[in-house]
There are 2 protein chains.
Amino acid sequence: MRGRHRRGARWFSEHLREQGYRYTVPRALIIDVLSAMPGHPSVEEIYFEAHKRYPQIGLTTVYRTLELLVRTGVVLKFDFGDGRTRFEMAGAFQGKSHHHHLICTSCGKIVEYTDFIKEELDLLKKTEDALSKKYGFAVKSHLLQFYGVCYVCLKKREQP
Amino acid sequence: MRGRHRRGARWFSEHLREQGYRYTVPRALIIDVLSAMPGHPSVEEIYFEAHKRYPQIGLTTVYRTLELLVRTGVVLKFDFGDGRTRFEMAGAFQGKSHHHHLICTSCGKIVEYTDFIKEELDLLKKTEDALSKKYGFAVKSHLLQFYGVCYVCLKKREQP
DNA sequence: CTAACTGCAAATTCTTTGCATTAGT
DNA sequence: ACTAATGCAAAGAATTTGCAGTTAG
């Protein structure tokens, strides 16, 4: 894997331009910052990092930029149920492959798994096609998450 | 299907009691109201309906009760991306079978589909087992949603 | 009886909007 | 230059919390 698909600033610039958007300093920065952040940062966390490098950035801009990047397919948006929206670069822009999430409903721990993904993706693709046909939808994406209790929390419950 | 699995007040009463909770008037009412509501009502909508029959109910109680019912597996909770949390009775309590959702990101229309579900559930079950083993999680549930643009919105886009 | 539950009001938290200013192309 | 994008302050919306009074078991 190792960044094989990583995209440079040039690519993002063109990607945005093509869709009629400008490639601005805050946008470049947010892409850069998010690409370097592990896990699934919230708006606040992204703002915090961006602010370190460019103190005049506003929280509003972070909100608006993330919304734009999600809309143009550069960033993925998740709700893991902790009350804040979380983000990550779409796989292809980070050298990561497509993955799904396993969420501990007790402590919030998130595991990204890629095992078993191939079979899942095949079935999801098949389902997408069938749904498109049957309901006349242009299906664009899917969300698959598993919820449970992680081993740490399981142990805590046994002997509290 | 036809309510084959529908549960009566007695069942809910015992279900809550077993877990150490009381079966109160507001709780009974919310279960009743939600069971009768089609689609995926928000907290406000559930409150509105409940309020008709029992005007002294408070919005806070609706929030707290739904949280409780979700926690005890009676109700399912969804985020379809419109900024409010949405709910429905878990399939078995409504005579509905397990289903997934197809969401129009343009107008918010939700389609519940049950086609292909059997195959999906088989694979999801298999994945749950594998994830449980590999990551030591006790997997409790999953969420699968498809996003796209419905035919109405597709048409609007062609000729605006 | 008495601990759990309720309802109100106030507080919090996340997110969006309006608008004057700045900056990309 | 011309318009999209930004940043600030203020508004808005959903959800949570504190607490005194009520109710189920």
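## Residues around DNA strand C

In this predicted model, 22 residues lie around DNA strand C, and those that come nearest are A:Y63, A:T85, B:T24, B:T61 and B:R64, where a residue is near a strand if one of its heavy atoms lies within 4 Å of it. Of the atoms of DNA strand C that come within 4 Å of the protein, 61% belong to sugar and phosphate.

By residue type, this surface holds seven nonpolar, eight polar and seven charged residues, with Ala, Val, Leu, Ile, Met, Phe, Trp, Tyr, Cys and Pro counted as nonpolar, Asp, Glu, Lys and Arg as charged, and the others, Gly among them, as polar.

## Polar atoms and contributing helices

For A:T60, a side-chain N or O atom is 3.5 Å from a base oxygen of DNA strand C. Two or more residues each are given to this surface by α4 (59–71) of chain A and by α2 (25–36) and α4 (59–71) of chain B, these helices being DSSP runs (H or I, at least four residues) numbered from the N terminus.

## Relation between the chains

## Basis of the values

Residues are numbered from 1 along each chain as its sequence is written, while chains are lettered from A and ligands numbered from 1 in the order in which they are written. Because the model is predicted, local features need pLDDT of at least 70 and side-chain atom pairs count only at pLDDT 80 or more, whereas totals for chains, interfaces and linings use all residues, and side-chain values use heavy atoms, with hydrogens and water left out.

How values were computed: Polar contact = N/O pair within 3.5 Å; in protein donor to acceptor, adjacent residues only side chain to side chain.
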